[in-house]
Amino acid sequence: MKVTQLDCLCVILLHLLHTAGSEKFEVLGPTDPIVAVAGDDIILPCYLKPNISAEDMTVDWLNLDFKDSRVYRYQNHRIIRDYQIPYYRGRTSLFEEELWRGNTSLKLTRVQGTDEGRYKCFIKAKSWYDDFTIQVLVKERGGMGLLCESEGWHPEPELAWLDSKGVHLSAGPPETHRDFKGFYRVKQHVIVQETDTNRFTCRVQQSRINEKMETEVHLLY
Ligand SMILES: *[C@@H]1O[C@H](CO)[C@@H](O)[C@H](O)[C@H]1NC(C)=O
Ligand SMILES: *[C@@H]1O[C@H](CO)[C@@H](O)[C@H](O)[C@H]1NC(C)=O
């Protein structure tokens, strides 16, 4: 049989289709929401199956709740910062050393409440693309507010919150009031995180006359 030009074209087309087919992949990630604590760094997992290299692909991370939704783009082996939501600048990165094995997870640092939303990991090769969407929830770090208040002092005392090792805790601004007889009332708030002992001390003292009062609080979380 004589090979016509048409046959030849068909063979080439088939070959092209086959090449394209070999690049097929799925993009996968977690189906459960990622729960982040405000202030922490998180990883939004996303990877290719089969685990082929994504180094030559375009990796887009989008926040679907924004109109101009680009959180991060990797293309032609580099980061593309154009059209990145300014708010994510400097806070997002890929694990570039992991791309060769199809790991296109995004690292997001210093999570804020406004980072909550749906993130799409969109991966495009020459003739194939796929995507996966992850839900991110942000919760505030838990803590317990404690208030220490003491009255009837003269001269003005100092108030301090301490942990069980006697280390000063950073507390809110101290408040001082004087009653009509000229005595001082002091109070101060502190927000404490759970510790192994959960014991905290409020100390009120007048260093000048060396008088001191302490109250220990034991929290049962
Ligand atoms: C890719 O996946 C296969 C099996 O699923 C595994 O054996 C192999 O180590 C993986 N390769 C890389 C580079 O992670
Ligand atoms: C991707 O890389 C990051 C950083 O090394 C790692 O924490 C994560 O588990 C990797 N994900 C997959 C699917 O291999």
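Contact here means heavy atoms within 4.5 Å. This is a predicted model, where local features need pLDDT of at least 70, side-chain atom pairs count only at pLDDT 80 or more, and totals for chains, interfaces and linings use all residues. Residues are numbered from 1 along each chain as its sequence is written, chains are lettered from A and ligands numbered from 1 in the order in which they are written, and side-chain values use heavy atoms, with hydrogens and water left out.

**Stop 1: Thr-58.** Select Thr-58, in strand β5, residues 58–63 (strands are DSSP runs of E, at least two residues, numbered from the N terminus). Leaving aside neighbours within four places in sequence, Thr-58 touches Arg-73, Tyr-74, Gln-75, Phe-122, Ile-123 and Lys-124. Thr-58 counts as buried because its relative accessibility is 12% (buried means under 20% relative accessible area, with a 1.4 Å probe and protein chains only). Now show Gln-75. Its side chain makes a polar contact with that of Thr-58, at 3.3 Å (a pair of N or O atoms within 3.5 Å; within protein, one must be able to donate a hydrogen and the other to accept it, and residues adjacent in sequence count only if both atoms are side-chain atoms).

**Stop 2: ligand 1.** Around ligand 1, select Asn-51, Trp-100 and Arg-101 (each has a heavy atom within 4 Å of the ligand). Taken alone, ligand 1 exposes 360 Å², and the protein buries 33% of that (Shrake-Rupley method, 1.4 Å probe).

**Stop 3: ligand 2.** Move to Ile-43, Tyr-47, Phe-95, Glu-98, Asn-103 and Ser-105, the residues around ligand 2. Ligand 2 alone exposes 360 Å², of which the protein buries 54%. Finish on Asn-103: a polar side-chain atom there lies 2.3 Å from an oxygen atom of ligand 2.

Technical notes. Helices (H or I, at least four residues) and strands (E, at least two) are DSSP runs, numbered from the N terminus. Buried means under 20% relative accessible area, exposed over 50%, partly exposed in between (1.4 Å probe, protein chains only).
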